[in-house]
Amino acid sequence: MSDRRITSRFDGATVGAIALVTVGTVFGEPVLFVAASVPLFYLLVEWTTRPPEPSLTVERRIAPDPAAPGERTEITLSVHNEGASTLTDLRVVDRLPEGLPVDDGSPRGCLSVRPGETASIGYTVVPRQGTYAFDSPVVRARSLSATGIYTASPDAAGATTLTCRRDAGEVPQLRGSLRRFGTRPVDRGGEGLQFYAAREYQPGDDVRRINWRDYAKTGDLTTIQFAETSATETVVLVDATSAGRVARESGYPTATELAVYAADRVVARLLADGDDVGVCALGIDASDVTVPVSSAGWDQPWVSPGSDDATRTRLDAVFDALVAATDTAAARTDRLSTDLRERLSARADIVVVTPALDSETVELATSLSTVGHHVGVVSPDVTDRRGPGKTVAHVERQLRLARLRGAGATVFDWDTRRSLAAAMEVAR
Amino acid sequence: MSDASDRDEASVPSWRPTLFSTTTAVVAAGAATLALAASVETLLPALIGVVAGAALGVTVIAVGTATRRLTVAVGGLLATGSGLALLAAVASAVLTQVPWPPVPPVEVLAVAPFAFALAGVATGFGAFAAMRDLSPLSDAGLTAIRLLGIGLVPAGAVAVEQVRLPVAPVVDAVNALHARLFVPGRPPPGIEAAFAPFVELMALLFVAASVLAVAVRRVPLVPLASESARPAARAVQRRLRQLCGAGVAAAVLGVSGVVVAAGFPGLLAQVPPGVREAVPGVAFAPLPRRVLGVGVAAGTATTVGLWLIRTVASTRTRLSSLPVVPLGAGGLLTLAVAGTHESAAAMAVDRASSDAGRRLLDQVLEAFGSFTLLAGIVLLGLVTAIAVTLALSALHAIRLLGSRSGTQIAGTGVFVAAVSAGITDGAVVVVLGGVAASLFVWDLGEFGATLGREVGRAGVSRRAEIVHGAGSGVYAALAVALGVGTLAAIGRLPSLPAPPTTVAVVAASVGTVLLFLVSR
């Protein structure tokens, strides 16, 4: 559906012409009469102008699609001028779905497009988990004099929906600060990363393991052995308590959503590496999960470490329940701390995923670290320093993370303006 | 296509007119107005007008749209400055035609310099209004209301100067009271003569103790102390209040003793001689009285100061509604006038270009006084600024100005300058160029404004703005070419019998075309 109209944009020129003729008459100045031809020219332009009739195709591209929660997603709206005349003033507005915040750029633009040329506007959004359907964009073309206006809402080719899923995006590599999770060195030479010993070369040894430097010095072939690692249990503790219902900006994913996403990705990586993984979730009850799961502490959902399909199903159900929960409870970790210590085996590692916006979960992680468990912390950061209140929250969070580091925990502070995979890649 | 007005986001910087188009339009407006004025050698009124208009624009931004008291106070001073600049623009239009001071009878002055001053004001104000997307109705109207408060202090000072309010008797009474209370003189012999001064002293003690008791109660000594120091602070405050209470009790007892002694002379005779000799000494001693006077002043200052701090810091106090800021700005202006009126008057007399003018100035200064005249000029400047802002609101109310019409005003300024150049026998091309420039400014400014509402400053638009600006420039050039061509065509026509006939013929032609276009 389109609309064409002519505006009375140069009404002021009429007033100007009349004023010039009047003043010219009063003062007897012929030059003012002649000057009236200038506004008359503008009126003639308005009179002869017709609304433009553009021939356009519009295409929308979304990358990446699907996107992960909080992932910067670039949207490009391209307009191709298929007509024979230049569109000097083409205003384009991409109509965003409700609740999809723009992080950078603008979904609006004014373009000037020659025949056969393609111009585009681009912007970045930060989606929450869900599906977003875009309306058709609005285009408005104005003539060079801007008196003729054409407005339409052509259908856009390409992507019309943006899907944001927890399992989207790359699975982060845990080779950086979290590389020790899920594996533990044993007193035996073999495959691994850490140097264990050197022994005499035996036929069949991998040629890449030969110590060529030693061979150059002594002429003897030796093979390097690395400390072998063994799989362990890892329990992922997800903090989705009420303190995490804050976001970096209005409409952005909350700290809880980002924590659940990070937990899901860490679990996916550990399972992919063949480790046994369990989950304990703070902020919901076991009864909130759609499949039967055990409970720990104050009825918090507990999935025992495992790597089979049933465990994976239960883990997904817990994560879904966390995302769906709108009224998450405050953290109650007193009974949980004791309960977890009883449930966890001595060789279990713990990854705590928490925005660190309150002290309860931090205290729990600290207590688990002090009893000998290897504790890692993945902490999505939604704080900043814009304003005194936010600065205080930011500093408090930093102090909590420092306390965790002081207790021996390995802390990965995730700047949520970057993707989790990219941020972890940098942290290696 | 939705625009900013749909979402009430016009005040958000992102939805203001786009920078490139608006800046280009504004720069073109300023350059065109000043160039037109310079072409007919009337630059000064236009230049001062541009400065005055710009100052008025900044004033409206500071007073009408800002909520901080400091900006409101600065805006108040700026308003006076912009008003004075407005007056200066008019004065410069006068003084380019007659010598200082104008001595009656003054001949009829040319209109063009005043029109150039007006053009400068419109251009300067329009430029700032366009850049900040000011609304003449809400912003300028609010400015006028806030500025009214500033004029109260200088107006009051002028009233005191002219009406001769009975200030002296009040000052005399205060001096007499001060002398009686704090300079008691030598004690006369006999205890009876010391009764009245003693009662005065006791009254002073009563007032001082009461005022200090209130002050001690109001001082937040305990909340300000650290946790460990709070018991000590609480004890100190309790002790001070006890001392004040003791002072009040002593004053009451002292007065009661005097009453009893005066009513029962027999009892007075039984008073020990030492006491009888000490009472006049104490009653007439200046030191205790001065100490008590300091106590009264300190207690009052503490109580009032704390009240002021609490009022200003309170979240319930609306900053914009405080009259302190406009009154303070008015007070500053009055102080400035008080400090400079004599030298300003001397300078005005020195610069008189004739004896008649000097005599006129002397007579005026003698009749009104230099303070009243300078304060009157300051007030006139303020009133001028208020009148201009109210006029802008009125123009919007009668729909002659749009809701956000900065470039419209700036374009009008260029147009007025072009007309002024026309009636000052400016070159034809210059006048045609001026009229075309006014339409260029208006066109580009309106383009930037709609772009700001529909796309916003965050959106991509630079290339389209350049294309539109270039196109608008081409239109303006073609319009000037049409005018020059029309003039050349008229020059080739056979000469008509008389100039009025020419005027009538051209007017009829233009009028016919206009009627045709308007009625289409």
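Buried means under 20% relative accessible area, exposed means over 50%, and partly exposed covers what sits in between. Keep that in mind for the close-ups below, which come from a predicted model.

**View 1. Glu117(A) and its two arginine partners.** At 22% relative accessibility, Glu117(A) lands in the partly exposed class. Its side chain meets Arg114(A) in a salt bridge at 3.8 Å, N to O. Glu117(A) also pairs with Arg463(B), with the closest N and O atoms 3.4 Å apart.

**View 2. A salt bridge between buried partners, Arg397(A) and Asp381(A).** Here the N to O distance is 3.5 Å. Arg397(A) comes from helix 9 (residues 388–406) and Asp381(A) from strand 20 (residues 374–381), both of chain A, so the bridge ties together parts 16 residues apart in sequence. Arg397(A) has a relative accessible area of 0%, and Asp381(A) comes in at 9%.

**View 3. A salt-bridge network in chain A.** Arg166(A), Asp264(A), Arg265(A), Arg312(A), Asp316(A) and Asp320(A) are all linked up here. Over all chains, the whole structure has 25 salt bridges.

**View 4. A positive surface patch on chain B.** Arg217(B), Arg218(B), Arg241(B) and Arg310(B) make up this one. Arg218(B) is part of helix 8 (residues 195–218) of chain B and is partly exposed at 41% relative accessibility.

Notes
Residues numbered from 1 in each chain as written. Chains lettered and ligands numbered in written order. Predicted model: local features only at pLDDT ≥ 70, side-chain atom pairs only at ≥ 80, totals over all residues. Heavy atoms only, no water. Patch = residues over 30% accessible without salt bridge, like charges linked within 9 Å, V, L, I, M, F, W, Y side chains within 5 Å. Areas by Shrake-Rupley, 256 points an atom, 1.4 Å probe, with all protein chains shown as cover. Salt bridge = Lys/Arg side-chain N within 4 Å of Asp/Glu carboxyl O. Lys, Arg positive; Asp, Glu negative; His and termini not counted. Charge placed at Lys NZ, Arg CZ, Asp CG, Glu CD. Helix = DSSP H or I, 4+ residues; strand = E, 2+ residues; numbered from the N terminus. Buried < 20%, exposed > 50% of the residue type's maximum accessible area, 1.4 Å probe, protein only.
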